[in-house]
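Try each task yourself before you read the solution under it.

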Amino acid sequence: MAKPKKRYVCQACGSVSHRWQGQCADCAEWNTLVEDAPATVFSLKHDLSSGGRAVEFVDLDKPGELPVRQKTGLAEFDRALGGGLVPGSAILMGGDPGIGKSTLLLQAAAKVAREGHGVVYVSGEEAAGQVRMRAARLGLSDAPVKLAAATGVRDILTTLGRMDAPKLLVIDSIQTMHSDTIEGAPGTVSQVRGCAFELIRYAKETGVALVLVGHVTKDGSIAGPRVLEHMVDVVMSFEGERSHQYRILRALKNRFGAVDEIGVFAMEGDGLEEVDNPSLLFLSGREQPMAGSAVFPAMEGTRPVLVEIQALIVRLQSGATPRRAVVGWDTGRLAMLLAVLESRCGLSFSSAEVYLNVAGGYRLSDPAADLAVAAALVSALADKALPSRSAWLGEVSLAGEVRPVAHGGVRLREAAKLGFDRGFGPPDAKNGSAELEYVGVGQLANLVDRVMSS
Ligand code: TYD
Ligand code: MG
């Protein structure tokens, strides 16, 4: 028999090559090609149009047979899932190491188990004792979760086959799983794909909701082939800065719900706490109005979240090139706003260092934050605080006009709810709240005059 040809699979994009190369020819990533098990050669000499079993057709409308979602009891998790766990679905949970994936899933597992449902938690990363220690710290030791430290998919599926199927099965993580029918070390593309395939098949057959934890690579994508993302029903990402308390659970793909819903948590000493009013988290510690600080009502999916934008301007004496440093916003957009402020409003930042920070480790990409950033910059430059309890929103054009933004009303209502009494934004935006005075700002120059003359 001919020796099977070697094949190399890119760990980033899953493309196959028959020669090892330093750079993947498809996605141009470096050092991602890894030798993989030889491909099975399928024979096409058989005619596939006979000899199979009949496939059963069903109507789209079959009342009473729709799967009922299982609430985890963690409202923020359920919200991000689109209303709870769908039986027989597979969820891939990605996130940086140490961000709290295991903590979140152990908490959810305990909640479901306490409701009287079967829950199995398989850890391939930690010994049972370590998971038990975490459970004790979280005050969950009494929850009837079936815990196992295992990495062999055959052992796991054999064991599950001998007991009543649980409602929830957590595999932490898919990169540590190993199938003895596939060559290669755990974590390689073929192992990850093969193990996920077997586990997902078990979930679909038994109606178990399956959660696979997935490691994330440096650039933020889930390690292993993109094909894993195609295989599962829901892809979630657990995000946040490790040095900050808050965590956001986001659905990147959801076959059963909207992808713009998020869940917000805070990592505390005793586990993840649900945050049902995120604005309070990001605005805490902001009592006195300060120069260089402006509040922006951001949107996270359908939910408004108020965040604080801080600017600091340092005048330079020497002719050194001034620094521009940005945390949580786009550097290119900051450069654009500075250019507009210089050329349309007559301000000069050329001999000053500019630092911009979105408080709380929050990341903004919404152009609606332009006006708030501009307000923070002007306020820092003039060393004058903006009116207290005011919120700012609007996109700024290159001509210096303030443009309308989506969800203006919702954003302003959230601001009013949190005690803000003035909103600044594009002239024609609707003010959704009676308690909030709305001030239309047509041109960035109006804002500058206002701040400078206050
Ligand atoms: P973990 O869930 O192990 O992260 P992941 O599974 O995503 O790698 O979370 C580990 C971090 O969370 C660890 O750095 C400590 C912190 N932590 C708390 O702050 N409070 C807690 O109650 C727990 C359990 C963890
Ligand atoms: Mg973990």
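**Exercise 1.** Find which strand holds tryptophan 392, and decide whether the residue is buried or exposed.

Step 1: Tryptophan 392 sits in strand S17, residues 390-392; strands here are DSSP E runs of at least two residues, helices are H or I runs of at least four, and both are numbered from the N terminus.
Step 2: Its relative accessible area is 1%, so tryptophan 392 is buried. The cut-offs are under 20% for buried, over 50% for exposed and partly exposed in between, with a 1.4 Å probe and protein chains only.
Step 3: Now look across to valine 354: 38 residues separate it from tryptophan 392 in sequence, and 20 Å in space, C-alpha to C-alpha.

A word on the ground rules: this is a predicted model, where local features need pLDDT of at least 70 and side-chain atom pairs count only at pLDDT 80 or more, while totals for chains, interfaces and linings use all residues. Residues are numbered from 1 along each chain as its sequence is written, chains are lettered from A and ligands numbered from 1 in the order in which they are written, and side-chain values use heavy atoms, leaving out hydrogens and water.

**Exercise 2.** Work out where aspartate 383 and arginine 389 lie, then check their phi angles.

Step 1: Aspartate 383 is in the loop between helix H9 (370-382) and S17, and arginine 389 is in the loop between H9 and S17 too.
Step 2: Most residues other than glycine have a negative phi. Yet phi is positive for aspartate 383, near 55 degrees, and for arginine 389, near 50 degrees.
Step 3: With 62% relative accessibility, aspartate 383 is exposed; arginine 389, at 48%, is partly exposed.

**Exercise 3.** Which residues come nearest to ligand 1, and which of its atoms sit by polar backbone atoms?

Step 1: Of the 16 residues around ligand 1 (a heavy atom within 4 Å), Gly98, Ser102, Thr103, Glu268 and Gly271 come nearest.
Step 2: Check the polar contacts to the ligand, pairs of N or O atoms within 3.5 Å. A ligand nitrogen is 2.7 Å from a polar backbone atom of glutamate 268. Ligand oxygens lie 3.0 Å from one of glycine 100 and 2.7 Å from one of glycine 271.
Step 3: The protein buries 75% of the 560 Å² that ligand 1 exposes when taken alone, by the Shrake-Rupley method with a 1.4 Å probe.
Step 4: Helix H2 (101-114) gives the largest share of the shell, three residues.

Key: A polar contact is a pair of N or O atoms within 3.5 Å; within protein, one must be able to donate a hydrogen and the other to accept it, and residues adjacent in sequence count only if both atoms are side-chain atoms.
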